[in-house]
Structures are given as structure tokens and as C-alpha cells.
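Me: I would like to learn how to read a protein model, one feature at a time. Can we go through this one together?

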Amino acid sequence: MLRHVILWKLKDDISDLAAVKAGIKAGLEGLVGKVPGLLRVKVQTEGLASSTADVMLDSYLTDAAALKAYATHPAHVAVANEKVRPYTASRACLDFEGEGEFGELLIERRSFRAFAETVPSPALVDEVVKAGLLAPTGRNQQSSLVIRIDDPALKEEIRAENARIMGAPPPGRPADPFYAAPVMLMVIANKKNNTATYDGSLTMGNMMIKAHELGLASCWIHRAKEEMEGPLGAKILSRLGLEGEWEGVGHLALGYAATALPPPREINPARYRAI
Ligand SMILES: Cc1cc2nc3c(=O)[nH]c(=O)nc-3n(C[C@H](O)[C@H](O)[C@H](O)COP(=O)(O)O)c2cc1C
């Protein structure tokens, strides 16, 4: 993938700045789908006072050939001539090869099994949960729900029950199934939706990727299903005032890493087939 980034300074004498910025943004972002190989365009027009540029284009293209074709594509030339060039005073451009940021996050993310004592700020935890709640759900029924376990006594109860269900830890792993992570999240999903397990799993996946983006370490901790099927599950539902049947999908152990990020996993090519 290729990244094409431009920073513009706008002319000083623009009378309707908001309209000009909106025109640049709509014009350039509207090129996706019209110009072959142009994958993603984001135009930032609202910088903080510390900025030394007024507008930033951050675009993703498939490769250098696509960038070359983009430069002369009639739809792009029209936007450049009508919406951009009349209003810009200076332009700096940086083109570089590499995955997009999201692609990098997907490649880099790994599970952590040793956590530092430092507790992530509530705002960061909220960001992680928000990403989980934005995951798609079957028929948009939003069956999955994230529970942040703050109560230290309940945390210990969950830890003990999870350890009991797990039995002897796998070789080399500690007795604590949560690896002493400072934050414990739990995803449950309403069984009245036939996509409950899938919805909850996507919620878990989004949270793990978002955690990595925010510099946090995470690990999916299993056995939430069994927990929810027993008295502990009933207790959790009653404390939340939830009725009906809920499936335990997973726990997320969250915090700061106490070990270095392991290298990216190798993908087994046999896992991608075509028929
Ligand atoms: C459904 C599911 C259950 C998992 N359960 C546990 C668990 O109970 N304890 C644990 O340490 N890791 C657990 N993991 C993490 C996996 O072991 C880990 O994702 C896998 O080894 C691949 O490593 P990576 O996440 O670093 O790429 C689970 C992962 C998934 C998707």
C-alpha cells in the first residue's frame, strides 16, 4: 500500500474560509470510488492553534502506479483546479510505502500474558469499550454487552471461578488466568439473538485491536460461557438488573504490557483457500 500525504497552507485573503475548507474536503474525499486504486481519503481541516498548516490530505493508494494515474485522472484534476489550487498558498507532500495504520495494528497485535501494575486511565478503557460496542452485530440487534468489573470482591470471585473451570494452567502459565491484569472486562450477549456468540466475538476482536492502538496490552480470557451458566452468572445478571438468558462470550484482560511486544505471527498459507 502507498500513502500520499499533503499539507497545504491556505491563502490569507479567503473570505469564506469554512466554505473553502468544506469544498476541499468534500471534493477530495469524494474521489474514492471514482479514481482506480485510490482506497481511502481523509481531509483534516480543523487543526489546533499549534499547527503550521491549514489542511491535510491523508490518502491511501494501492501502489505507485495508482498514484501516477491519480495525478492526471480527470475527476482529480477537476477537484484540484476548482476546489484546491485557487485557495492554496503552499504545498508539502510526503509519499511512502507501507501498510495503512489499521493494517499495521492488525499485523502487530499480539496477546499479552504479563501485565504491569500501572492502571490505564478510565478514558482509555472507555475508548477500548467504545470500539467493542461499534463492532457489527447480526441485524444490528446489538446483542453484545461489555461489563467492566470494578468491584474488587467480584473480580476475585470471577478470577477464582475461571481458575476452577480452567483446572491446572497450561505448562509455563501462572495460576491466575487473568495474569494480574489491572482491568477486567467481560463480554456477554443476549441469547435471544441467534448471532449472540458471533456478535460478542466481534466485540472482543475490536477491543483487542483498539487496545493495541492505544498502547495497551490485552488477552482474551476464555471460560466466560461456563461462568455465566452457573450461580456466578446469575449473580452478575442480578447485579446488573438484566433479565433473560445471556451467554458469556469472553473476558478481556487489559493493562500495560510487562513484556515486549512479540513479533507478528506467521500466517499459515493453507488457511486461505479458493475453490
Ligand atoms: C476464543 C479465544 C479464547 C482464548 N482464551 C485464552 C485464554 O483463556 N487464556 C489465554 O492466555 N489466551 C487465550 N486466548 C488467546 C490465544 O491463545 C491467542 O490469541 C493465540 O495464541 C494467538 O496469539 P496472538 O493473540 O498473540 O496472535 C484466546 C483467544 C481466543 C480467540
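Me: Which side chain does the side chain of Asp58 join in a polar contact?

Reply: Keep in mind that this is a predicted model. A polar contact is a pair of N or O atoms within 3.5 Å. Here the side chains of Asp58 and Arg3 are joined by such a contact, at 2.8 Å. Asp58 belongs to strand E3, residues 55–61.

Me: Is Asp58 buried or exposed?

Reply: A residue is called buried when its relative accessible area is under 20%, and exposed when that area is over 50%. Asp58 has 12% relative accessibility, so Asp58 counts as buried.

Me: What does the side chain of Asn190 reach?

Reply: The side chain of Asn190 reaches the backbone nitrogen of Lys192 at 3.1 Å. Asn190 sits in strand E6. Asn190 counts as buried because its relative accessibility is 11%.

Me: Now the ligand. Which residues are around the ligand?

Reply: Around the ligand are Arg109, Arg110, Ser111, Arg113, Arg173, Tyr179, Cys219, Trp220, Ile221, His222, Arg223 and Arg265. Sorted by class, this shell has 6 charged, 4 nonpolar and 2 polar residues.

Me: How far is a polar side-chain atom of Arg113 from an oxygen atom of the ligand?

Reply: The distance is 2.7 Å for Arg113. For Arg110, an N or O atom of the side chain is 2.6 Å from an oxygen atom of the ligand. The backbone takes part as well: a polar backbone atom of Trp220 is 3.3 Å from a nitrogen atom of the ligand. On its own the ligand has 620 Å² of accessible area, and the protein covers 67% of this area.

Me: How many cavities of 30 Å³ or more does the structure hold?

Reply: Start with the general idea. Empty space is found by rolling a probe the size of a water molecule over the atoms. In this structure there is 1 cavity of 30 Å³ or more. The largest cavity has about 40 Å³ of space.

Me: Which residues line the largest cavity?

Reply: The lining consists of Arg109, Arg110, Phe112, Met208, Ala211, His212, Leu216, Ala217, Ser218 and Leu261. Helix H7 (196–213) and strand E7 (217–221) are the elements that give two or more residues to this lining. H7 has the largest share, with 3 residues. By class, the lining of the largest cavity has 6 nonpolar, 2 polar and 2 charged residues.

Me: How much space lies in the largest pocket?

Reply: A pocket is an open set of points, whereas in a cavity the probe fits but cannot get out. The largest pocket has about 330 Å³ of space. Its lining is made up of Arg40, Tyr60, Gly100, Glu101, Phe102, Gly103, Leu105, Ala131, Asn206, Ile209, Lys210 and Glu213. Helix H4 (101–108) and H7 each give at least two residues to the lining of the largest pocket. By class, the residues of this lining are 5 nonpolar, 3 polar and 4 charged.

Me: Next, backbone angles. What is phi of Asn140 near?

Reply: First the rule: most residues other than glycine have a negative phi. Phi of Asn140 is near 50°, a positive value in a residue other than glycine. Asn140 lies in the loop between helix H5 (122–133) and strand E5 (144–148). With a relative accessible area of 53%, Asn140 is exposed. Gln142 also has a phi near 50°, a positive value. Gln142 is placed in the loop between H5 and E5. Its relative accessibility is 54%, so Gln142 counts as exposed.

Me: One more topic, sequence and space. How far apart are Ile158 and Glu227?

Reply: Two separations can be read for any pair, one along the chain and one in space. Ile158 and Glu227 are 69 residues apart in sequence, and 7.8 Å apart in space from C-alpha to C-alpha. Ile158 is in helix H6, residues 152–166, and is buried with a relative accessible area of 0%. For another pair, Pro182 and Pro136, the values are 46 residues in sequence and 28 Å in space, C-alpha to C-alpha. Pro182 lies in the loop between H6 and strand E6 (183–190). Pro182 counts as buried, at 17% relative accessibility.

Methods:
Residues are numbered from 1 along each chain as its sequence is written. This is a predicted model: local features need pLDDT of at least 70, side-chain atom pairs count only at pLDDT 80 or more; totals for chains, interfaces and linings use all residues. Side-chain values use heavy atoms; hydrogens and water are left out. A residue is near a molecule or strand if one of its heavy atoms lies within 4 Å of it. A polar contact is a pair of N or O atoms within 3.5 Å; within protein, one must be able to donate a hydrogen and the other to accept it, and residues adjacent in sequence count only if both atoms are side-chain atoms. Accessible areas come from the Shrake-Rupley method with a 1.4 Å probe; for residues, only the protein chains shown count as cover. Ala, Val, Leu, Ile, Met, Phe, Trp, Tyr, Cys and Pro count as nonpolar, Asp, Glu, Lys and Arg as charged, and the others, Gly among them, as polar. On a 1 Å grid over the protein atoms alone, a cavity is a set of points where a 1.4 Å probe fits but cannot get out, and a pocket is an open set with protein on both sides within 12 Å along at least five of seven lines; lining residues have an atom within 4 Å of a point. Grid points are joined across faces, edges and corners, and a volume is the space filled by probe spheres set on the points. Helices (H or I, at least four residues) and strands (E, at least two) are DSSP runs, numbered from the N terminus. Buried means under 20% relative accessible area, exposed over 50%, partly exposed in between (1.4 Å probe, protein chains only).
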